[in-house]
Amino acid sequence: MIELRQLTKRYGEVAVVDGLSFDVRPGVVTGFLGPNGAGKTSTMRMILGLDRPTSGSATIGGRRYADLPVPLREVGALLDAHAVHPRRTAVDHLLSLAYGNGIGRRRVEEALGLVGLADVAGRRPGGFSLGMKQRLGIAVALLGDPPVVLLDEPVNGLDPEGIRWIRTLTRSLASEGRTVLLSSHLMSEMALTADHLVVIGRGRLIADTGLDAFVRSAARQAVLVRTPDAPRLASLLREAGAAVRPGADGGLTVTGMSGAEVGGLAGAHGIVLHELTPWRASLEEAYLELTGDSVEFAASPAGAVS
Ligand SMILES: Nc1ncnc2c1ncn2[C@@H]1O[C@H](COP(=O)(O)OP(=O)(O)OP(=O)(O)O)[C@@H](O)[C@H]1O
């Protein structure tokens, strides 16, 4: 379990993390979202004792990182996959970290096997692809078999196979009862991986909620309906209080009524339906709606004159 209480980091006058309080619970994947510069990496760095909070606290299993007797056994992290010595072999890189944390060679070999790098253990990461570097970074994170794992943008730059591998790995770490905090800008991927979401903007908490609840609360819902009798159905729906927009392809988009209600109304008036599809916005749409005000660098629409 990770607990943040009023966690704050200021650089001069600017609070890049501003009174953040939330818990990251074990047994689920918690997605950590926010626009560029929202403060996700700064938050993770404070959890990991790499930066000192200006005020407030971040604890792992009730203790600050600095007070953990063997940190690698309590928390593993991937922050920057490029942060490896380019000329030290993969196995030596892990060994150097293992020895300082009382971890033996066997676990090093296990960790390399877990991430699929056993065959290249003797090679130098300088020549690794980005995907291989990410895997090596994850081997470091898993080295101490820690109950808490933090991954900052682990799918950045990965191919679909690599992305799926990260998804399967994070889900299985959570199903083993570990605490998993995962940041990513790839919303479609987050929707498949996370159970819970923590969303921040300009260093402040915007949402701390289940994935489904987040999408439901933030996003519009509608029903797409197709019928040969569109004008009649549209006027019946409007009379019943729904908003109806005709689509370019002859369908109707109905808001303010559930799929069952639209179907019920059509049935009651003997109107044949060719399609009735409840539609819910994606995580990406919900996210953009919620974080719109906290984007630091927003592009103006193409052609806009300011
Ligand atoms: N050492 C520092 N000195 C001054 N400002 C900093 C420092 N480190 C980070 N910042 C600022 O803090 C803000 C938050 O940055 P951070 O990297 O935590 O955001 P992020 O949510 O991880 O962003 P991204 O999604 O782009 O990685 C940014 O505006 C950044 O410029």
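Predicted model: local features only at pLDDT ≥ 70, side-chain atom pairs only at ≥ 80, totals over all residues.

Entry 1

Entry 2. Which residues surround the ligand? I listed Y11, V16, P35, N36, G37, A38, G39, K40, T41, S42 and H185. Sorted by class, that shell has four nonpolar residues, six polar ones and one charged one. I also checked which element gives the most to the shell: helix α1, residues 40-47, with three residues.

Entry 3. S42 uses a polar side-chain atom, 2.6 Å from a ligand oxygen. With G37, a backbone N or O atom lies 2.8 Å from an oxygen atom of the ligand. G39 also comes in through a backbone N or O atom, at 2.9 Å from a ligand oxygen. I then looked up the cover: on its own the ligand has 640 Å² of accessible area, and the protein covers 58% of it.

Entry 4. On to T291, which I found in helix α11, residues 283-291. Is T291 buried or exposed? Its relative accessible area is 2%, and buried means under 20%, so I put T291 down as buried. Its side chain reaches the backbone oxygen of Y287 at 2.8 Å.

Entry 5. What does T291 contact once I leave aside its neighbours within four places in sequence? I wrote down P35, V199 and I206. P35 was already in my notes, as one of the residues surrounding the ligand.

Notes:
Residues numbered from 1 in each chain as written. Heavy atoms only, no water. Near = heavy atom within 4 Å. Polar contact = N/O pair within 3.5 Å; in protein donor to acceptor, adjacent residues only side chain to side chain. Areas by Shrake-Rupley, 256 points an atom, 1.4 Å probe, with all protein chains shown as cover. Helix = DSSP H or I, 4+ residues; strand = E, 2+ residues; numbered from the N terminus. Nonpolar A, V, L, I, M, F, W, Y, C, P; charged D, E, K, R; others polar. Buried < 20%, exposed > 50% of the residue type's maximum accessible area, 1.4 Å probe, protein only. Contact = heavy atoms within 4.5 Å.
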